[in-house]
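Hi,

Here's the structure I promised to send over.

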Amino acid sequence: MSTSSMLQQARQALAVRLREIRVEAGLTASALAAAAGWHRTKVSKLEHSATMPSAEDIRTWCRLCGAEDQAAELVSSLVAVDTMWTEWRRLERTGLRHVQEAVLPLWERTRRIRIYSSWLIPGPLQTEGYIRALLDATRRRRKLLDDVDQATAVRLAKQDVLYKGEHRFAILLEESVLRYRIGGPAVLETQLRHLLSVMSLPSVSLGIIPLDADRSLLRPVEMFFMFDEVQVNVEFVSGWLRGTTPREIAMYDQTFGLLSRMAVHGKRAREIVVNALDILGG
């Protein structure tokens, strides 16, 4: 599902709920608009998600429909829609270090973290060289201020969650990720050897989806992170999407399950990493 369609579905769900409240109250659209002192077309625009309501619009709507007990929940839904999508350029305007620091509380309070990646080895398993190569490329591509050293240090420090506390990681990688030469051959070799090391950690379950896996049920999808059953973050070229509704989390839970069944673990996964190292060495 595309970013725009997910956002539109969330907006439509809010709009549908507003219409249901009005209908249950026995009010026509024109009567509600008149009672609220709005233009006669405003109710229709809100109910068809042509216009997003403000928090005050929602409170007024619920009050006039005798559903004031539902206002707080609907305002929370509005906030969730407003914060679903974050552009990288807005998040990174003060530098890459800030981006790394901003997610620390979420990682620290999460117990079960599930990650799927189809394009790179994810942050908790990255080496310093791999991190630096990724962040420096991002800085150059997006013309950001140079705080790569500080951002790299923060990301490395964040990896403490692998060793401390009760955090558990289930990570799925496409085999192709092991071949992408991020930082060049030497950096990738160090990264793959590190991957073999962290695979033995009790907090980490690493699965690799082989290149020859049967993809009839599901193709490679966008990179995503699941934090307990509370939040899913999905990364795109222009930004990242935050999902917090039960429907969204269930969708990615199902997707993770399908991908996990395609993956190999343990000895077979190690063999795939070793094979990637052999290919890299020529």
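Below is what came out of it, starting with the core.

Two housekeeping points. This is a predicted model, so I kept local features to pLDDT of at least 70 and side-chain atom pairs to pLDDT 80 or more, while totals for chains, interfaces and linings use all residues. Numbering runs from 1 along each chain as its sequence is written, and side-chain values use heavy atoms, with hydrogens and water left out.

The largest nonpolar core has 38 residues. By that I mean buried Ala, Val, Leu, Ile, Met, Phe, Trp, Tyr and Cys residues joined through side-chain atoms within 4.5 Å; buried is under 20% relative accessible area, exposed over 50%, and partly exposed in between (1.4 Å probe, protein chains only). Trp107, Leu125, Phe169, Leu178, Leu195, Leu206 and Val273 touch the most other members. Elements giving two or more residues to this core include α9 (128–142), β3 (168–174) and β4 (204–209). Helices (H or I, at least four residues) and strands (E, at least two) are DSSP runs, numbered from the N terminus.

Helix α13 has 16 residues and reaches 23 Å between its end C-alpha atoms, close to the expected 22 Å (1.5 Å times one less than the number of residues). Its buried residues are Ala269, Ile272, Val273, Ala276, Leu277 and Leu280. They sit on the same side of α13 because they cover an arc of only 140° around the axis, taken from the directions from the helix axis to the C-beta atoms. Lys267, Asp278 and Gly281 are exposed on the other side. The buried set packs against α11 and β4, with contact meaning heavy atoms within 4.5 Å.

For α11, the buried residues, among them Leu192 and Leu195, pack against α9, β3, β4 and α13.

Now β5: Phe224 and Met226 point one way, Phe225 and Phe227 the other, and all are buried. β5 runs antiparallel to β2, with 4 bridges joining them, and Arg114 has Met226 as its bridge partner. Strands count as paired if DSSP finds at least two bridges between them. β5 also pairs with β6 (residues 231–235), again antiparallel over 4 bridges. Those two make a hairpin with 3 residues between them, where Asp228 in the turn has a positive phi of about 50°.

Last one: Thr110, in the loop between α8 and β2, is buried at 2% relative accessible area. Beyond its neighbours within four places in sequence, Thr110 contacts His167, Phe227 and Asp228.

Cheers
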